[in-house]
Amino acid sequence: MEKYEYKIFSMDLENAGYISSKIKKMLVAKGIDKSIIRRVAIASYEAEINVVIHSYGGYCNVVFEDNGELKLEYIDCGPGIESIDNAMKEGWSTASKQDRENGFGAGMGFPNMKKASDKLEVTSSPNGTIVTIHIALR
Amino acid sequence: MKVSDLLKIDCLKLITKDVCLDKEISDLYTCDLLSWVMGHVHEENVVLLTVLNSMNAVALATLLDMSAIIFCEDVMPSDDIIKKANEENVPLFTSSKSSYKSAKEILKYESLL
């Protein structure tokens with residue numbers, strides 16, 4: 001098992017996407033299939049952006065499991081998702097006016113994550129949200 | 001058609017330096033919502049036409065292996081965005097025309113090749 005941890009800062013739009021591109025570079029270096037890298041890039045970017053624009057900040061664990069699975073855990077410290085069911089719907093967004101001006105708020109975050117991953121787990125409370133993305137790398 | 005061919009189109013201007021212009025262009029895609037692009041662009045070497053003046057447009061292009069970004073209607077990205085694009089090897093162009101008209105110009109040029 002190989003594990004890396006990255007911090008994600010709230011509203012740090014300048015660096016949003018940095019961790020996703022780090023993960024992508026790791027997968028390229030490991031010689032993973034391009035179509036799988038693309039799915040990882042989509043899922044990891046959406047999850048990272050959610051922590052940046054919606055949360056008070058958190059971190060991301062990147063875990064390469066021995067069974068060939070990539071596990072990405074995004075853990076933030078609140079304020080939580082009011083309705084996970086709604087968040088999973090295409091077009092649903094709670095992004096602010098400013099977020100929308102920055103090109104966010106399409107309401108495609110979780111739907112994109114779900115499509116791109118083999119398994120997606122979301123638990124949320126006002127104290128924080130944990131999003132876990134599983135993608136088989138081979 | 002390659003990214004270098006975009007240099008020959010009047011309304012487009014390259015604003016990055018030292019980036020590779022040798023990439024092929026597979027398609028053009030115009031959109032200003034990041035996650036929409038994420039969910040709908042399914043191939044690599046696409047050129048994004050947008051008015052979204054954001055660092056995240058560069059992140060998106062990197063993650064989706066896009067060939068270039070064209071900022072339309074004279075949207076001028078900040079120096080930080082241009083610097084990031086240079087680092088990540090993403091060619092950036094500005095266009096004096098709208099996304100639609102810029103795409104039309106590119107297609108017109110491509111038909112002559």
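# Reading a predicted two-chain model

Q: Where is B:Leu34 found?
A: B:Leu34 is found in helix H1 (residues 34–40) of chain B. Helices (H or I, at least four residues) and strands (E, at least two) are DSSP runs, numbered from the N terminus. This is a predicted model, where local features need pLDDT of at least 70, side-chain atom pairs count only at pLDDT 80 or more, and totals for chains, interfaces and linings use all residues. Residues are numbered from 1 along each chain as its sequence is written, chains are lettered from A and ligands numbered from 1 in the order in which they are written, and side-chain values use heavy atoms, with hydrogens and water left out.

Q: Is B:Leu34 buried or exposed?
A: Buried means under 20% relative accessible area, exposed over 50%, and partly exposed in between (1.4 Å probe, protein chains only). B:Leu34 has a relative accessible area of 2%, so it is buried.

Q: What does B:Leu34 touch?
A: Contact means heavy atoms within 4.5 Å. Not counting residues up to four places away in sequence, B:Leu34 touches A:Tyr45, A:Asn102, A:Gly103 and A:Phe104 in chain A. In chain B, B:Leu34 touches B:Leu52, B:Asn56, B:Ala57 and B:Leu60. B:Leu34 and B:Leu52 are 18 residues apart in sequence and 8.7 Å apart in space, C-alpha to C-alpha.

Q: Where does B:Asn56 lie, and what is it in contact with?
A: B:Asn56 lies in helix H2 (residues 55–63) of chain B. Its relative accessibility is 2%, so B:Asn56 counts as buried. Neighbours within four places in sequence aside, B:Asn56 is in contact with A:Leu13, A:Ala16, A:Tyr45, A:Ile49, A:Phe104 and B:Leu34.

Q: How is a pair of packed helices described?
A: Two packed helices are described by the angle between their axes and the distance between the axes. Axes are lines fitted to C-alpha atoms, for helices over the stretch in contact, and angles run from 0 to 180 degrees between N-to-C directions. In chain A, helix H1 (residues 18–29) and helix H2 (residues 34–54) pack at about 160 degrees, with axes 8 Å apart. H1(A) and H2(A) are therefore roughly antiparallel, a term for angles over 145 degrees.

Q: Which residues make the contact between H1(A) and H2(A)?
A: H1(A) supplies A:Tyr18, A:Ile19, A:Ser20, A:Ile23, A:Lys24, A:Leu27 and A:Val28. H2(A) supplies A:Ile37, A:Val40, A:Ser44, A:Tyr45 and A:Glu48.

Q: In what order do the five strands of the chain A sheet stand?
A: Two strands pair if DSSP finds at least two bridges between them. The open sheet has the order S1-S2-S3-S5-S4, with antiparallel pairing. Strand S1 (2–8) and strand S4 (119–125) each have a single partner strand, so each edge strand has one side without a neighbour in the sheet. Neighbouring strands are turned by 10 degrees against each other on average, direction ignored.

Q: What does H1(A) touch on the sheet?
A: H1(A) packs on the sheet and touches S1, strand S2 (58–64) and strand S3 (69–76) of chain A. The direction of H1(A) makes about 160 degrees with that of S1(A).

Q: How many bridges join S2(A) to S3(A)?
A: Seven, in an antiparallel run. A:Phe64 has A:Leu70 in S3(A) as its bridge partner. S2(A) and S3(A) form a hairpin with four residues between them. In the turn, A:Gly68 has a positive phi of about 90 degrees. On its other pairing, S2(A) meets S1(A) in the antiparallel sense over seven bridges, and A:Lys3 stands opposite A:Val63. Six of the seven residues of S2(A) are buried.

Q: How many residues of helix H5 (residues 109–116) of chain A are buried?
A: Six of the eight, so H5(A) is largely enclosed by the rest of the structure. They are A:Gly109, A:Phe110, A:Pro111, A:Asn112, A:Met113 and A:Ala116. Their cover includes H2, helix H3 (84–87), S4 and S5 of chain A, together with H1 of chain B.

Q: What backbone values do most residues and peptide bonds have?
A: Most residues other than glycine have a negative phi, and most peptide bonds are trans. Here the bond from A:Gly78 to A:Pro79 is cis, with omega near 10 degrees. A:Pro79 lies in the loop between S3 and H3 of chain A. B:Asp18 is not a glycine, yet has a positive phi of about 60 degrees. With a relative accessible area of 79%, B:Asp18 is exposed. B:Glu73 also has a positive phi, near 50 degrees. B:Glu73 is partly exposed at 49%.

Conventions: Angles under 35 degrees count as roughly parallel, over 145 as roughly antiparallel, 65 to 115 as roughly perpendicular and the rest as oblique.
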